[in-house]
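Please look over the sequence and the structure before reading on.

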Amino acid sequence: MDNSYHIIFEEKFVQHQDFGQRNGLHSTWSLNTLNDFKFKFGGKLQNGLNRLISFDDNFGRKISINNVTFAINFEDFFNAQINLQNIFYQHLDNSIIKPLTKINIVNTYSNYPLKETEIKLALTPKEFLNQNWEGNSNRIGGNPIWVQKSENLYCPKCNHKMSFIFQLDSGLPDLNPNNNYEIMFGNDGVCYAFWCLKDKISGYLWQST
Ligand SMILES: [Zn+2]
């Protein structure tokens, strides 16, 4: 994806001053939004899947992520990483999302969805294209902000490098009462989502300190 965007949440959705360990008052939380985009974010889907983002018909046509819903099972996702596996899903034409990886469940994690909302996008200002850890690191396209060294995901079908699509930060509101209603990717880490255009396969990994 050529452009880099910041995900802009409604003010009441991320209202705390400290967003995880980030500055909740940083300017990247309140960038001017583009009018053309408004996507569904969070919420529960069928078969234990939780929506991350549903891209609409207008967005990302060039790499065909228009009308694609990115969704995962968090318990599988957290276990996958511990097993040193990656997690992949096949997106079938009738919008069915099917896990491609059999995940060995070693640890019990909850699978609460992210709190449902609608998100808007802002173009990432030049000075934040290669952002550090300040502020809002929930982003689409551009250069991922890595917690550890940069990683690639390779499509399990065609073995080509997958495209980076978006990243979500720890601290986003979820429905898990046992963790103060905040999602945690490891120890305050970040979740990265990838896509193979040819095979319509999504893949995910997370990194933390
Ligand atoms: Zn592929």
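From the N terminus on, the elements run β-β-β-β-β-β-α-β-β-β-β-β-β-β. That comes to one helix and 13 strands. Helices (H or I, at least four residues) and strands (E, at least two) are DSSP runs, numbered from the N terminus. The model is predicted: local features need pLDDT of at least 70, side-chain atom pairs count only at pLDDT 80 or more, and totals for chains, interfaces and linings use all residues. Residues are numbered from 1 along each chain as its sequence is written.

**Overall shape**

- Along the principal axes, the C-alpha atoms fill a box of roughly 40 × 40 × 30 Å.
- Of the 209 residues, 42% count as buried. Buried means that 20 or more other C-beta atoms lie within 10 Å of the residue's own; exposed means 12 or fewer, and partly exposed is in between, with C-beta atoms placed from the backbone.
- Among contacts with a separation of 6 or more, 62% come from residues 24 or more positions apart. A contact requires C-beta atoms, placed from the backbone, within 7 Å.

**The sheet**

- Eleven strands form an open sheet with antiparallel pairing, in the order S6-S5-S4-S9-S1-S10-S11-S12-S13-S7-S8. Two strands pair if DSSP finds at least two bridges between them.
- S6 (69–72) and S8 (97–99) stand at the edges; each has a single partner strand, so one side of each is left without a neighbour in the sheet.
- Neighbouring strands are turned by 25° against each other on average, direction ignored. The axes are lines fitted to C-alpha atoms, for helices over the stretch in contact; angles run from 0 to 180 degrees between N-to-C directions.

**Strand pairs around S9**

- S4 (residues 39–41) runs antiparallel to S9 (residues 117–123), joined by three bridges. Phe-39 stands opposite Ile-119, and Lys-40 has Glu-118 as its bridge partner.
- S1 (residues 4–8) also pairs with S9, in the antiparallel sense, over four bridges. In this pair Tyr-5 faces Leu-123.

**Strand pairs around S11**

- S10 (residues 139–141) and S11 are antiparallel and share two bridges. Arg-139 stands opposite Gln-167.
- Six bridges link S11 to S12, again antiparallel. Phe-164 has Phe-194 of S12 as its bridge partner.
- S11 is mostly covered, with six of its seven residues buried.

**The nonpolar core**

- The largest nonpolar core has 51 residues, and Tyr-192 and Ala-193 have the most contacts inside it. Such a core is a set of buried Ala, Val, Leu, Ile, Met, Phe, Trp, Tyr and Cys residues joined through C-beta atoms within 7 Å.
- S12 gives the most to this core, with seven residues.
- Leaving out residues up to four places away in sequence, Tyr-192 touches Pro-144, Phe-164, Gln-167, Tyr-204, Leu-205 and Trp-206.

**The helix**

- H1 spans residues 74–82, and its buried residues include Phe-74, Phe-77, Phe-78 and Ala-80. Asp-76 and Gln-81 of H1 are buried as well.
- These buried residues pack against S5 (50–54), S6, S7 (87–91), S8 and S13 (201–207).
- Just after H1, Leu-84 takes a positive phi of about 60°.

**Two exposed loop positions**

- Lys-12 lies in the loop between S1 and S2 (18–19). It counts as exposed because it has 7 C-beta neighbours inside 10 Å. Its C-alpha atom is separated by 27 Å from that of Tyr-109, 97 residues apart along the chain.
- Asn-179 sits in the loop between S11 (163–169) and S12 (190–196). With 11 C-beta neighbours inside 10 Å, Asn-179 counts as exposed. The C-alpha atoms of Asn-179 and Glu-75 are separated by 14 Å, and the two residues are 104 residues apart along the chain.

Note on methods
Contact = placed C-beta atoms within 7 Å.
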